[in-house]
Each structure stands twice: as C-alpha cells, then as structure tokens.
Amino acid sequence: MGVRVVAAFLAHVGASTSCGRFYPNPVAWGLCYKREMSPYQNYYCDDSNEIYRRVEGVEYYGRGALPVYRNYNYGIIGKGIKQDLLSHPELLEQNATLAFEAAIWRWMTPVKWRQPSAHDAFVGNWKPTKNDILSKRYPGFGTTMNIMRGDCICGRGFTDEMNITISHYINYLGLMGVNHEHSGSSLDCADQVVFNPSSKSFGS
C-alpha cells in the first residue's frame, strides 16, 4: 500500500503541475509549472472572507506542488503549516520544501469536518456512509480526485483531464515497479457526486 499511496499523491502533483497537454505523452511532463501562468485579473481575491482577509497588493493565483488559489485557502493552509502564506503566497513558488509541505498537508487534511482526507479515502481509513454509496463514492483513487479537484474533473463523465490524472497515477506506479493490475479499484470519479460542488476548497 505504501508505494501506491506515494504514487497517488504524486499523480495529483504531476497532473496539477504538468505542461504535458501540449505534448504527445502528457504523463512525462509533471512538475513543469510551479505557478499559474495566466491568472485571472482579479487574482482570486474574496473580500467576503472575514477570517483570512486579502492583504493589499498581494496576488492569490495558483502556486505550489498542488496549486493553491484564493486568499482564504492560502490562509487556511498557511495556518496548517505555520507559515504566513496569506501575506507571502510567493513562498510556495520560491521554496520547494514549503511547496511540498503545503501539498502534503492538503493530502492529509479533510476539506470539511465529517469528510475524508484524500489520504484516508485512498488507504481505506474512511468508511463510506449510505449517502456516499448512493453518490458512488468509494475508497480508492477516484475519490481522491473528488476531494482534491471536485467538480473541476469529477461527476462529468470520462473527461480528458480526469483520464490524464489517472494516467499519471498508473505511470508513477510503473516507475515504482508496480503493475497497473495492482492499482486498486474505483480508479475514476466519472459518475461520482462531488463532496463540495464548486466549493471554496483548498485548491479551487
């Protein structure tokens, strides 16, 4: 299971930072970008958040190994890793150690109470409720995509983006000497109901 967990985590990192969509083999280009190349003009600022207010002049576009967007997510994750990312989000593109600390914290931390972390959903620590089962959410890699990316890639059928994320997982397994036949069940989230539709989650 240990190798599979590492492969699953790296699959999200690789797919999220890849420039491979422009090349014949997209899985060969993970960890290409450490920041969003064409951020929106408003730089993802949410003035309604009372706890993690945006800092004047600071831009909250995507940065890091698992890109973080928006002021409240920089605030939440910064608190989790004990760094002032709200004032200094640039740390996630300047410091590789902090970028991976933030990514691992996201992997290990539920978005909301009573929801699983991606790690727990993958290793089987999470037991689906009756509602989860009705929503086609089961332990496995597919549910990690639901947690990490939500309706950006899940519940929309077999989209290219979802398939590429799965391909990254299979590729990392292969690099670690694990045959794809041992990748586990529930690999996709094509028909899953998402936990947090268009939510203000860590990565969105």
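This is a predicted model: local features need pLDDT of at least 70, side-chain atom pairs count only at pLDDT 80 or more; totals for chains, interfaces and linings use all residues.
F141 and Y169 are both buried. For Y169 I noted a relative accessibility of 0%.

Next I went through the aromatic pairs, of which the structure holds six. One of them joins F122 and Y169 in an edge-to-face arrangement, with 5.9 Å from centre to centre and 90 degrees between the planes. I then checked where the two partners lie. F122 belongs to helix α5 (residues 118-123) and Y169 to helix α8 (residues 160-175), so this pair links distant parts of the chain, 47 residues apart. F122 has a relative accessible area of 4%, so I recorded F122 as buried, the cut-off being under 20%.

I returned to Y169 for its contact with F141. F141 and Y169 form a stacked pair, at 4.5 Å centre to centre and with 10 degrees between the planes. The cut-off for stacked is planes under 30 degrees apart, so the 10 degrees here qualifies. F141 sits in helix α7 (residues 141-149) and Y169 in helix α8, so the pair ties together parts that are 28 residues apart in sequence.

Last, I looked for charges over rings. The charged end of R63 sits over the ring of Y61, and I noted 3.8 Å to the ring centre. I also found R137 over the face of F195, 4.1 Å from the centre of that ring.

Notes: Residues are numbered from 1 along each chain as its sequence is written. Side-chain values use heavy atoms; hydrogens and water are left out. Rings of Phe, Tyr and Trp (its six-membered ring) pair if their centres lie within 6.5 Å; planes under 30 degrees apart count as stacked, over 60 as edge-to-face and the rest as tilted. Helices (H or I, at least four residues) and strands (E, at least two) are DSSP runs, numbered from the N terminus. Buried means under 20% relative accessible area, exposed over 50%, partly exposed in between (1.4 Å probe, protein chains only). A charge sits over a ring if NZ of Lys or CZ of Arg is within 6 Å of the ring centre and within 35 degrees of the ring normal.
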